[in-house]
Amino acid sequence: MDIQSRILHEFQRGKPALLYQHLYPLLLNFAKRYLRERFCLAEDYVQNAIINAWRQKNSLHSYPALKTYLLNSIRNQTVSSFRKENARTRYVNGLSDAEEDFFHGSIIVSETETVLHNAINGLPGKERRICELSFFEGMKNIDLAKMLNVPDSPVKKQKASARA
């Protein structure tokens with residue numbers, strides 16, 4: 001029996017010593033090349049590939065099938081980890097920019113609303129009511145005039161005098 005057949009036969013019987021002796025260095029080197037600067041994960045990926053191959057041992061009927069399965073498993077783990085890392089990086093970068101924009105926007109809005117509230121609270125009664133409805137309720141001049149049963153021009157005048 002040649003060495004490749006022995007590796008497969010022993011592996012299928014639950015004895016991976018020959019596989020580790022003959023294939024582990026190749027698999028580890030392959031994983032390190034794929035992982036580049038993240039080579040510290042190489043051993044984990046090789047171990048995962050071997051464990052997954054052992055779970056599929058009855059469907060691996062030849063040494064080339066076993067070797068191909070192991071190499072593909074390592075490649076797939078590597079590609080998957082790069083995709084996850086890229087997605088995580090894009091999410092974190094986007095999230096931090098969005099959070100920072102939201103934070104700064106919230107501060108500006110809060111400060112503006114406080115200044116506006118203080119200014120409106122200092123107005124006489126009718127002007128205050130018109131400004132509150134206009135600024136905080138978003139009502140248009142024409143809607144304010146209808147609600148107050150007055151023409152449009154007094155609403156405009158009171159808003160103008162409130163701004164002054």
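Visitor: Quick one before I get going: what does "buried" mean in terms of relative accessible area?

Guide: Buried means under 20% relative accessible area, exposed means over 50%, and partly exposed is in between. Keep in mind that this is a predicted model.

Visitor: What is Ser81 in contact with, leaving aside its neighbours within four places in sequence?

Guide: With those neighbours set aside, Ser81 is in contact with Arg38 and Tyr45.

Visitor: And Thr78? Which helix is that in?

Guide: Thr78 sits in helix H5. Thr78 comes out at 0% relative accessible area, so it is buried. Skipping its neighbours within four places in sequence, Thr78 is in contact with Tyr34, Leu35 and Tyr45. Tyr45 is also on the contact list of Ser81.

Visitor: Let me zoom out. How many helices and strands are there?

Guide: The protein has eight helices and zero strands. Going along the sequence, the pattern reads α-α-α-α-α-α-α-α.

Visitor: So is the protein spread out or a compact globule?

Guide: The protein is more spread out than a compact globule, because its radius of gyration is 36 Å, well over the 15 Å that the globule rule gives for 164 residues. Along the principal axes, the C-alpha trace spans about 105 × 30 × 20 Å.

Visitor: What percentage of the residues count as buried?

Guide: That's 25% of the 164 residues.

Visitor: And how much of the contacts comes from residues 24 or more positions apart?

Guide: Such pairs account for 48% of the protein's contacts with a separation of 6 or more.

Visitor: Tell me about the largest nonpolar core. Which residues touch the most other members?

Guide: That core holds 22 residues, and Leu19, Val46, Ile50, Leu66 and Leu70 touch the most other members. Two or more residues each come from helix H1 (3–12), helix H2 (17–22), helix H3 (24–35), helix H4 (42–55) and helix H5 (63–121). H4 gives the largest share of this core, with six residues.

Visitor: What does Leu19 contact, leaving aside its neighbours within four places in sequence?

Guide: Beyond those neighbours, Leu19 is in contact with Ile7, Phe11, Tyr24, Ile50, Leu66 and Leu70. Another core, of five residues, lies apart from the largest one, and among its residues are Ile130, Leu144, Ala145 and Val155.

Visitor: Switching topic: how many aromatic pairs does a search of the whole structure find?

Guide: One aromatic pair turns up. The rings belong to Tyr20 and Tyr24, and the pair is tilted because the planes are at 35°, with ring centres 5.4 Å apart.

Visitor: Are those two tyrosines buried or exposed?

Guide: They fall in separate classes. Tyr24 counts as buried at 18% relative accessibility. Tyr20 is partly exposed, with a relative accessible area of 27%.

Visitor: Now Cys131. Where is it found?

Guide: Cys131 is in helix H6, residues 125–136. With a relative accessible area of 4%, Cys131 is buried. Leaving aside its neighbours within four places in sequence, Cys131 is in contact with Ile120, Leu123, Phe136 and Ala162.

Visitor: How far is Cys131 from Leu28?

Guide: From C-alpha to C-alpha, Cys131 and Leu28 are 72 Å apart in space, and they are 103 residues apart in sequence.

Visitor: Which residues of H6 are buried?

Guide: The buried ones in H6 are Glu127, Ile130, Cys131, Leu133 and Ser134. Looking down the axis of H6, these buried residues fall within an arc of 165°, so they line one face of the helix.

Visitor: And what comes just after H6?

Guide: Just after H6 is Gly138, with a positive phi of about 75°.

Visitor: Which residue other than glycine has a positive phi near 55°?

Guide: That's Asn149. Asn149 sits in the loop between helix H7 (141–148) and helix H8 (152–163). Asn149 is exposed, with a relative accessible area of 71%.

How values were computed
Residues numbered from 1 in each chain as written. Predicted model: local features only at pLDDT ≥ 70, side-chain atom pairs only at ≥ 80, totals over all residues. Heavy atoms only, no water. Core = buried A, V, L, I, M, F, W, Y, C linked by side-chain atoms within 4.5 Å. Buried < 20%, exposed > 50% of the residue type's maximum accessible area, 1.4 Å probe, protein only. Helix = DSSP H or I, 4+ residues; strand = E, 2+ residues; numbered from the N terminus. Contact = heavy atoms within 4.5 Å. Arc of directions from axis to C-beta. Phe/Tyr/Trp six-rings, centres within 6.5 Å; stacked < 30°, edge-to-face > 60°. Rg over C-alpha atoms; globule rule 2.2 N^0.38 Å.
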